[in-house]
Amino acid sequence: MIICAATGNAAKLREIRRILAPRGFEVKSQKDLGISLEPEENGSTFRENARIKAQAICLASGLPTLADDSGLSVDILNGEPGVYSARYAGTHGDDEANNKKLLENLKGLSEEQRRAKFVCALCFYLPGGAHMTVEGECAGHIIETARGGNGFGYDPLFVADRIGLAGGGEGPNTQGLTTSEMEDWQKDAISHRGKALAMLEEKLAAFLEENQPAAGGLPITGVEKTLAFERNHKDDGDKLKRSLR
């Protein structure tokens, strides 16, 4: 199935492709499709912003579109930075400044007082207006000094409670690795985006079946008429088998 990813964030795009490609999706970026549109994210929740982006880019691309809005929510800061995560310090995408502001706001607090979670809302939007939204979370805490170089955003400051295991599944993060110190497969198993994408996959077949066009209507781009499940022994779960067009 060919979909458009409504993001201009290269690191986020790599993560989405890394997780979805093995599951039968061909992900086109806005850049691939020549779309420079940047919808105003004026929603008050991650879910609202994800829908705003998905709707706008779906209309521009004509393709089924996946939009993500995600960020960090710190308990003691009443959920900040929340929907402002990417522009917490004022400039959109300035990870260094955002991390610096976060550390300043948490200065002197204990580990327990630094409890936080990453949240990801994903909206899958079809030409014609049908859409669905799912949400994933990853719990952990914020440390005082950044560590690791394999992440982006707040990853170098975030120690997740859980970590992906080599044999599949997940377990306690006993080493205290930040999500920026984890290998991709360790992070994907427990990340907010990984959780949201797994939930999307679980619900997608039923959603597409419910929203097939009426006889004589325009087909949903790239969606196979027949969807079947195959057993994935590594993950011990039902995975949707799809063919690309």
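Reader: What makes the pair Asp-69 and Lys-53 a salt bridge?

Author: The side-chain N to O distance is 3.6 Å. A salt bridge is a side-chain nitrogen of Lys or Arg within 4 Å of a carboxyl oxygen of Asp or Glu. The pair meets that cut-off, so the name applies. Asp-69 lies in strand β3 (residues 65-74) and Lys-53 in helix α2 (residues 46-61), so the bridge ties together parts 16 residues apart in sequence. Helices (H or I, at least four residues) and strands (E, at least two) are DSSP runs, numbered from the N terminus.

Reader: What kind of model is this, and how are residues numbered?

Author: This is a predicted model, with residues numbered from 1 along each chain as its sequence is written. Local features need pLDDT of at least 70 and side-chain atom pairs count only at pLDDT 80 or more, while totals for chains, interfaces and linings use all residues; side-chain values use heavy atoms, with hydrogens and water left out.

Reader: Are Asp-69 and Lys-53 buried or exposed?

Author: Buried means under 20% relative accessible area, exposed over 50%, and partly exposed in between (1.4 Å probe, protein chains only). Asp-69 has 5%, so it counts as buried. Lys-53 has 9%, so Lys-53 is buried as well.

Reader: How many salt bridges does the structure hold?

Author: The structure holds 18. Another one joins Glu-137 to Lys-117, with the closest N and O atoms 3.2 Å apart. Glu-137 sits in strand β5 (residues 131-142) and Lys-117 in strand β4 (residues 115-125), 20 residues apart.

Reader: Where is Glu-15 found, and what does Glu-15 touch?

Author: Glu-15 is in helix α1. Its relative accessible area is 2%, so Glu-15 is buried. Leaving out residues up to four places away in sequence, Glu-15 touches Phe-152, Lys-187, Asp-188, Ser-191 and Arg-193. Contact means heavy atoms within 4.5 Å.

Reader: What makes a space a pocket?

Author: The search uses a 1 Å grid over the protein atoms alone. A pocket is an open set of points with protein on both sides within 12 Å along at least five of seven lines. Lining residues have an atom within 4 Å of a point.

Reader: What is the volume of the second largest pocket, and which residues lie nearest its centre?

Author: The volume is about 670 Å³. Volume here is the space filled by probe spheres set on the grid points, which are joined across faces, edges and corners. The pocket is lined by 34 residues, with Asn-9, Lys-12, Ala-86, His-92 and Phe-152 nearest its centre. β3 gives the most to this lining, with five residues.

Reader: How do you know that there are zero disulfides?

Author: A disulfide is a pair of cysteine sulfur atoms within 2.5 Å. The sulfur of Cys-4 is 8.5 Å from the closest cysteine sulfur, in Cys-58, so that pair is too far apart for a bond. The search of the whole structure finds zero. Cys-4 has 0% relative accessibility, so it counts as buried. Cys-58 has 3%, so Cys-58 counts as buried too.

Reader: What is the phi of Asn-78, and why is Asn-78 called exposed?

Author: Phi is positive, about 55 degrees, although Asn-78 is not a glycine. Most residues other than glycine have a negative phi, and most peptide bonds are trans. Asn-78 is exposed because its relative accessible area is 75%. Its place is in the loop between β3 and α3. Pro-81 is found in the loop between β3 and α3. A cis peptide bond joins Glu-80 and Pro-81, with omega about 0 degrees.

Key
On a 1 Å grid over the protein atoms alone, a cavity is a set of points where a 1.4 Å probe fits but cannot get out, and a pocket is an open set with protein on both sides within 12 Å along at least five of seven lines; lining residues have an atom within 4 Å of a point.
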